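These are my notebook entries on one structure. I looked up its salt bridges, their surroundings and a few totals for the chain.

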Amino acid sequence: MLQFATSSNKRFTSTEQVQLALKGGCMWVRLTGKVDAEEAEPAVKMCTEAGAILIIDNDIALVDKLRVHGVHFTSWTRGSLIAARETLGPHAIIGVTCTDIAAVEELRGLDVDYVTFPLPEAAKVKPEAAEAKHEGTKATPEGVEVLPYYASVVKAVEAIKHPEFKLHPVASGSFPDEMLTQILDTGIEGFEMSESFISAPDPVYAIEKVNEILSDYIGDRVKS
């Protein structure tokens with residue numbers, strides 16, 4: 001799973017970001033921030049034509065009005081998640097952001113589809129750290145911390161999974177390409193990315209490259 005999240009950016013508008021994401025082959029788009037129906041309509045049209053999933057942040061009423069695939073909550077309570085499921089129905093996708101591993105316990109027994117975990121500030125990844133670890137040499141602390149962190153995330157999610165609901169743990173942030181498969185090896189099931197794509201010299205190529213890495217990883221797992 002690769003989810004592209006729009007962000008405030010002087011280089012590309014939100015609509016242009018969605019267009020780039022789809023051109024790069026990303027089939028899961030999330031409109032972030034406060035969005036109204038007029039702003040969302042171009043993304044709805046493009047995603048519908050491409051057959052891509054479209055998620056909107058926080059606004060259940062807008063999701064229901066536009067009949068998009070689901071909602072992502074950047075802040076939430078058990079009550080708000082229960083209300084969202086009741087309003088949007090069983091087929092809607094509901095995702096949440098979780099900045100504290102301990103808070104995962106609040107999702108126990110709820111029908112939530114995925115949870116994104118941004119890296120803590122103390123565990124930011126430097127490209128040279130990921131390259132060093134990938135080559136089998138000693139990595140800097142920043143590069144080493146990310147893998148145990150996501151291993152802990154997966155353990156926490158597994159501990160509260162409900163037999164009727166499949167909760168997918170997703171890594172959120174900017175990651176060196178060399179580290180993606182290592183993060184997946186911890187049990188993380190996908191990535192939510194944004195800034196690393198839209199700040200790249202060629203955003204479409206950057207998205208295509210990550211998609212290729214993820215597809216190859218899935219293919220290798222199927223073969224094994």
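**Salt bridges across the chain**

I began with glutamate 192 and arginine 30, which form a salt bridge with their closest N and O atoms 3.6 Å apart. I applied the criterion of a side-chain nitrogen of Lys or Arg within 4 Å of a carboxyl oxygen of Asp or Glu. This pair links distant parts of the chain, 162 residues apart: glutamate 192 sits in strand E8 (residues 190-193) and arginine 30 in strand E2 (residues 28-31). I took helices (H or I, at least four residues) and strands (E, at least two) as DSSP runs, numbered from the N terminus.

I record the basis here. The model is predicted, so local features need pLDDT of at least 70 and side-chain atom pairs count only at pLDDT 80 or more, while totals for chains, interfaces and linings use all residues. Residues are numbered from 1 along each chain as its sequence is written, and side-chain values use heavy atoms, with hydrogens and water left out.

**Burial of the pair**

Is glutamate 192 buried or exposed? I find glutamate 192 buried, at 8% relative accessibility. Arginine 30 is likewise buried, with a relative accessible area of 6%. For these classes I used under 20% relative accessible area for buried, over 50% for exposed, and partly exposed in between (1.4 Å probe, protein chains only).

I next looked up lysine 166, whose side chain meets that of glutamate 189 in a salt bridge (3.9 Å, N to O). Lysine 166 lies in the loop between helix H6 (141-160) and strand E7 (168-172), and glutamate 189 in the loop between helix H7 (180-185) and E8, so the pair ties together parts 23 residues apart in sequence. I noted lysine 166 as partly exposed at 45% and glutamate 189 as partly exposed at 28%. Both belong to a network of salt bridges that also links Glu158 and Lys161.

**Lysine 209 and aspartate 177**

The side chains of lysine 209 and aspartate 177 meet in a salt bridge at 3.4 Å, N to O. I placed lysine 209 in helix H9 (residues 203-223) and aspartate 177 in the loop between E7 and H7, 32 residues apart. Lysine 209 is partly exposed at 33% relative accessibility, and aspartate 177 is partly exposed at 22%.

**Totals**

How many salt bridges does the structure hold? I recorded 11. The protein chain comes to nine helices and eight strands, and buried residues make up 48% of its 224 residues.
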